[in-house]
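Trainee: Please take a close look at a single part of this model, the surroundings of the ligand, and go on from there to the helices.

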Amino acid sequence: MSEVPGWISTRGAGEGPVPFLGALRQGLARDGGLYVPDRLPALPPLDRATGFAAMAVKVLEGWLGPPTPTWSWADAVRDALSFPVPLVRLTGGEWDGVHVLELYHGPTHSFKDFGARTMARLAASAGLQRPVAHVFVATSGDTGSAVADGFSGVPGYRVVLLFPEGRVSPVQEAQLVVRRPGVVSFRVRGSFDDCQALAKRVFADRRFDAWSPTSANSINAGRLLPQCLYYLHAARLLDEAPVFCVPSGNLGNLTAGLLAAACGMRHEGFLAAHNANDAFPRFLAGAPARFGASVETLSNAMDVGAPSNFERLAWLFGESRLRAMVRGMSVDDPATLGTMRRIYTESGVIVDPHTAVGLEAVRRMRRAGVPENAPVVVLSTAHPAKFPGTVRSAIGIDPPPAGGLEALKGRPTRFSTIDANPEALLAALAGADFSE
Ligand SMILES: *Cc1c(COP(=O)(O)O)cnc(C)c1O
C-alpha cells in the first residue's frame, strides 16, 4: 500500500520515510529526532454502535494498510484493546455535565496500557523477534508496569525494568516487582534520573549489544498511534464537538489527541492540564519554550521538566498553531487535594491525583466562561486505587479496589537491588532469570 503514511524524523537528516514497523522497532530516528508521519490518513466514518476494538481496527487501517496473511495486525489490536473505555457524565457541583473518559480499566490501571499493550502485540504480530530483544525501561511508576505487562510472554521480547529505590509508591512498586514471564526488575540505588541515565547508557555502551536492547518509551510511534483511538471514541459518542482536557507530563497523550484532530476529528480545542511542572503552560501563554529540571508532586507520573514529545508537537503543528489549539493550566498539590475532596462530596466520584489536576483545570476554564456551549471531556489517566495514600489524605476513605491490583496480592516477586552503574547492571543481567 503506497498511500499509508511513512515515518520521517523531526530533524530530517537524510533518512527516507520508514514504515510504521520500522519506526516502532527503532524508537528514535537515527539522527536523534522523533518519528512523525509524512502524511495524514483521512478518518473513516465512525458510528456509535461499533465496539471499541472494531473501531480501532477501522481507524488503524488508514495508518497501517489492510491486514495481510503475513501481517494479521487486526487480531493483535483486538487482543490488546479488550477492556472497557467508559465515558461517564458527572452530575453535581461545578463539574455538572463534565464527561470523564475512564482510561484506567486495562490490566495495570493507567492509560499507558493502551499504548504499551498495542505496541507489544503489534510487534509480536509482525514477527519482529529475532534475535530476542530486551526492552529496557527506566520508570518512575506507570510506564514500567504497563510495558512489563504488555510485553510479558510476547515471543521474541524480554523486559528489563529499572526503578528508583524508595521513590515509587508502594502500589506501584508491587506492580513493578511481581514475577512475570520474560521480565526482570532492578531496584536501583539512586533517583529516577539515575535510572534514565543507566537506560541511555545501555544503548551507547557496546558491552550491552549482546542483549539487543530496545526501548518502548512515550516517544515511540507504536505507543503514540493507539492513543489517538480513545479521543475518536469519545468524539463519536457525543452530539457536539468537545473540548478535551488532558492531564499531561511528557505530552504523549496530548500529541495523540492533536494527531486525531489533524486527521479530521471534531473538537473545540484542547486543555493541557499540568501540575507544578508548568513549562508547557507557560509556553502556551506566550513565553519562549524553556524546559528544565522537574519538581516532585502528588501526580508523580506528570513530574516532567522537559517533555519529550515537545519536539514532535512543534514539528507537527508549529508554535503559533499550538498556542491557538491548546490552552494550558497548572494546578498545584493543595488545589489537587482540594479538588479530590470537592468532587467526592459534590459528585460522589473518587478520582486519582492526575485526573484531579485535569478536573480542576476544567473548573477554572469554565469559571472563565470557556467553552460557552461545547461539552468537555476530561481524560482520566489512572485508577484511584493506584494512589491510596493520596486518596485517603484527601477524602479520608480508601479508594475502591482495582481488579489488576488485587490480583497482585500474594503473587511471587522477582527483583534485585543494584547500584546505579553499568557494571552492576551487566553483572545482574548475566545472572538474571527470565523464566516463567
Ligand atoms: C504518564 C501519565 C500521564 C502523563 O501522560 P503524558 O503522555 O506523559 O503527557 C498522566 N497521568 C498518568 C496517570 C500517567 O501515567
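Mentor: In this predicted model, a polar backbone atom of Gly249 lies 2.8 Å from an oxygen atom of the ligand. The backbone also takes part at Gly252, where a polar atom is 3.1 Å from a ligand oxygen. A side chain contributes as well: an N or O atom of Asp142 sits 2.6 Å from an oxygen atom of the ligand. The ligand on its own would expose 380 Å², and the protein buries 97% of that area.

The shell around the ligand holds 15 residues. Asp142 and Gly249 are among the closest, together with Lys112, Asn250 and Thr381.

Gly252 leads on to the helices, as helix 10 covers residues 252-262. Helix 10 packs with helix 12, which spans residues 310-317. Their axes are 10 Å apart and the angle is about 15°, so helix 10 runs roughly parallel to helix 12, an angle under 35 degrees being counted that way. The crossing of helix 10 past helix 12 is left-handed.

Helix 10 also meets helix 9, residues 229-237. Here the axes come within 8 Å and cross at roughly 55°. Helix 9 and helix 10 are therefore oblique to each other. Helix 9 passes helix 10 in a right-handed crossing.

Terms used
Residues are numbered from 1 along each chain as its sequence is written. This is a predicted model: local features need pLDDT of at least 70, side-chain atom pairs count only at pLDDT 80 or more; totals for chains, interfaces and linings use all residues. Side-chain values use heavy atoms; hydrogens and water are left out. A residue is near a molecule or strand if one of its heavy atoms lies within 4 Å of it. A polar contact is a pair of N or O atoms within 3.5 Å; within protein, one must be able to donate a hydrogen and the other to accept it, and residues adjacent in sequence count only if both atoms are side-chain atoms. Accessible areas come from the Shrake-Rupley method with a 1.4 Å probe; for residues, only the protein chains shown count as cover. Axes are lines fitted to C-alpha atoms, for helices over the stretch in contact, and angles run from 0 to 180 degrees between N-to-C directions. Helices (H or I, at least four residues) and strands (E, at least two) are DSSP runs, numbered from the N terminus. Angles under 35 degrees count as roughly parallel, over 145 as roughly antiparallel, 65 to 115 as roughly perpendicular and the rest as oblique. A crossing is left-handed if the near helix is turned anticlockwise from the far one by less than a right angle, and right-handed if clockwise.
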